[in-house]
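Work through the exercises below with the structure in view. Try each task before reading its solution.

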Amino acid sequence: MTTVVTVRDLRMRYGDNDVLRGVDFDINSGEVLCLLGPNGAGKTTTIEILEGFRIRSAGEVTVLGQDPARADEDWRARTGVVLQSWRDHPRWTPRRLLTQLGGYFAPYSTPERTRPHDVDLLLETVGLADLADRKIATLSGGQRRRLDVAVGIVGRPELLFLDEPTAGFDPQARREFHDIVHRLAESEGTTILLTTHDLDEAEKLADRVLILAGGRIVADDSVDGLSRRVEGESQVLWSIDGTRHSEEVADATAFVRALFDKHGDQVAELEVRRASLEDAYIALVQQHEAGHGDAAARLFTEVAR
Amino acid sequence: MNPTTHAIRLGLRRGWTEFSQSIRSTQDQGFYLFTAALVVGYLFLRRNTDVEGTDLMLPSVALPSILGALIAFGVVIGPAYALAMEKEDGTLLRHKAVPHGLRGYFVGQLFLQSAGLMPQMLVILVPSFLLFDDLMADPSGWLTVAWVLLLGLLATMPIGMVIGGVVPSTQKVGTWGMLPVMILGGISGIFYPIQQLWWWVEVIAQVFPMYWIALGMRSAFLPDSAAALEVGESWRTWETLGVLGAWAIVGALLTPIVLRRMARRQTGSQVEAARDASLQWIR
């Protein structure tokens with residue numbers, strides 16, 4: 001497996017505020033990696049540095065074989081950025097805009113990877129086929145975001161950046177968006193880096209999650225792996241003859257087996273509650289928002305050990 | 001396929017698309033008609049006013065000056081607003097995210113702003129030529145109109161681009177762009193001869209391109225005898241070429257540097273900050 005992104009000791013300082021204090025990670029080809037963290041943890045700064053939009057204070061960064069701060073236009077052609085659009089191109093139509101922006105990728109087309117995407121197919125993929133010739137100004141927020149996704153992938157990128165892609169989505173739009181990301185990762189083999197502050201979204205999309213807090217990475221694992229690391233005791237709830245019982249146990253499976261061995265059919269209303277990643281993550285976010293970035297980072301590092 | 005020339009072609013297509021969308025938009029049509037009504041209305045009200053020292057009527061003398069001022073104004077304020085706005089709404093960032101996109105964006109902007117002058121001039125020239133006599137002394141003047149227009153564009157458009165590039169927000173284009181251009185318009189001999197002003201104001205006006213574009217336009221439309229009204233009683237064609245040419249060269253050298261620096265600083269966070277700022281007008 002080839003490494004698409006390498007980040008070593010990345011640091012960013014605005015004035016005398018250290019936003020990133022030594023971040024290290026790699027992204028492998030074809031991976032969907034999620035940068036998870038509370039607002040202000042440095043996720044956007046990190047992704048903007050990798051996109052080549054922001055100049056870092058220190059550290060080494062290689063993206064698709066080049067330093068994004070000095071990368072050329074050929075490098076740009078291999079990446080895609082999904083921007084949070086706002087009110088640009090109000091008089092254009094989705095079809096016209098995609099044709100125009102996709103056009104820049106045509107000189108970079110290769111037999112293995114023809115660029116850009118066919119505009120009609122792309123509009124179909126993001127569910128804008130019926131609105132292809134409407135003025136962009138008349139699109140709803142969710143439709144606009146789908147157009148943003150289409151613009152981000154029109155050049156068939158090898159590496160796609162998504163910064164808080166579903167902010168402001170309703171549940172339906174969110175679901176559709178997740179489907180698009182899955183399809184991209186599977187059928188195109190696109191490597192995807194996305195940021196979110198929503199654990200649930202990270203769980204749905206990512207092969208691997210990096211949790212960013214206090215300017216450092218405090219956890220780097222799959223969501224399952226993270227859950228297992230966070231798990232300590234589980235709470236088991238059951239009832240026998242209408243009497244409710246509950247117990248904190250280390251090995252829930254063994255405990256439940258013993259329970260059935262002893263009481264058999266009498267056991268009812270069985271429930272096992274795992275100490276969840278969510279609890280640990282929410283504690284981290286709370287600490288962070290209270291302004292204790294360092295404490296938050298420590299807390300999570302201890303829990304997730 | 002060479003990506004650079006390909007990007008220039010895409011930029012021209014972009015400019016054409018923007019231009020055709022603009023002339024179809026009621027908002028832009030309204031703007032053209034509004035300026036035309038102001039100018040033609042002013043000339044009509046003063047159609048019987050003699051211009052002292054000549055046998056010409058006021059519309060003949062004022063029309064070329066006003067055209068010159070409108071060109072300078074449009075080509076400075078137009079790109080300044082466009083750039084300031086498109087920095088904020090993410091248009092520029094979109095182009096930064098595609099290969100050679102910024103080149104295409106600026107080519108498109110050059111095309112759009114230049115092409116936008118055509119409807120602006122037409123809506124003023126057509127009714128003026130129908131309403132007033134003696135506007136064009138000699139048909140060869142149209143040739144002069146062409147080169148003054150072209151050189152004027154090259155001299156003033158970079159100023160607008162630089163203002164749009166450095167201005168911190170769209171709301172500031174008023175103070176950074178509009179105000180100085182209005183002041184220049186006031187002292188550039190558009191509405192009264194420049195010689196009536198203090199000598200130092202006269203010097204300042206002649207440093208900037210607006211005066212020279214208006215002078216060039218007068219030299220195109222008016223008979224040679226009207227040169228008597230000008231500084232040095234001459235059209236000073238060589239000086240016009242020199243001053244406008246100098247601005248064009250400085251602009252061509254300086255603008256890419258300024259715009260490149262500005263584009264380097266474009267980030268998603270900046271666009272987001274602008275969106276937040278736009279929702280909060282009073283601070």
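**Exercise 1. In which strand of chain A is Asp9(A) found, and how exposed is it there?**

Step 1. Asp9(A) is found in strand S1 of chain A, residues 3-14. Strands (E, at least two residues) and helices (H or I, at least four) are DSSP runs, numbered from the N terminus.
Step 2. Count neighbours. A residue is buried if 20 or more other C-beta atoms lie within 10 Å of its own, exposed if 12 or fewer, and partly exposed in between; the C-beta atoms are placed from the backbone. Asp9(A) has 13 C-beta neighbours inside 10 Å, so it counts as partly exposed.
Step 3. Check the backbone. Asp9(A) is not a glycine, yet its phi is positive, about 50 degrees.

Before going on, note the ground rules. This is a predicted model: local features need pLDDT of at least 70, side-chain atom pairs count only at pLDDT 80 or more, and totals for chains, interfaces and linings use all residues. Residues are numbered from 1 along each chain as its sequence is written, while chains are lettered from A and ligands numbered from 1 in the order in which they are written.

**Exercise 2. Is Arg156(A) buried or exposed?**

Step 1. Locate Arg156(A): the loop between helix H5 (141-153) and strand S6 (159-163) of chain A.
Step 2. Count again. Arg156(A) has 23 other C-beta atoms within 10 Å, so it is buried.
Step 3. Look at phi. Arg156(A) has a positive value of about 50 degrees, although it is not a glycine.

**Exercise 3. Which residues of H1(A) are buried?**

Step 1. Helix H1 of chain A covers residues 43-51.
Step 2. The buried residues are Lys43(A), Thr44(A), Thr45(A), Thr46(A), Ile47(A), Glu48(A), Ile49(A), Leu50(A) and Glu51(A).

**Exercise 4. What kind of peptide bond joins Arg115(A) and Pro116(A)?**

Step 1. Pro116(A) sits in the loop between helix H3 (94-103) and helix H4 (119-125) of chain A.
Step 2. Omega is about -10 degrees, and the bond is cis.

**Exercise 5. Describe chain A as a whole.**

Step 1. Chain A has 11 helices and 12 strands.
Step 2. Its C-alpha trace spans about 70 × 50 × 35 Å along the principal axes.
Step 3. Of its 305 residues, 42% are buried.
Step 4. An automatic or database domain assignment gives domain 1 (3-225) and domain 2 (233-273). Taken over C-alpha atoms, the centres of these domains of chain A are 45 Å apart.

**Exercise 6. At what angle do the axes of H7(B) and H11(B) cross?**

Step 1. Take helix H7 (residues 141-166) and helix H11 (residues 237-264) of chain B. Axes are lines fitted to C-alpha atoms, for helices over the stretch in contact, and angles run from 0 to 180 degrees between N-to-C directions.
Step 2. The two axes come within 8 Å and cross at roughly 25 degrees.
Step 3. That makes H7(B) roughly parallel to H11(B). The scale: under 35 degrees is roughly parallel, over 145 roughly antiparallel, 65 to 115 roughly perpendicular, and the rest oblique.
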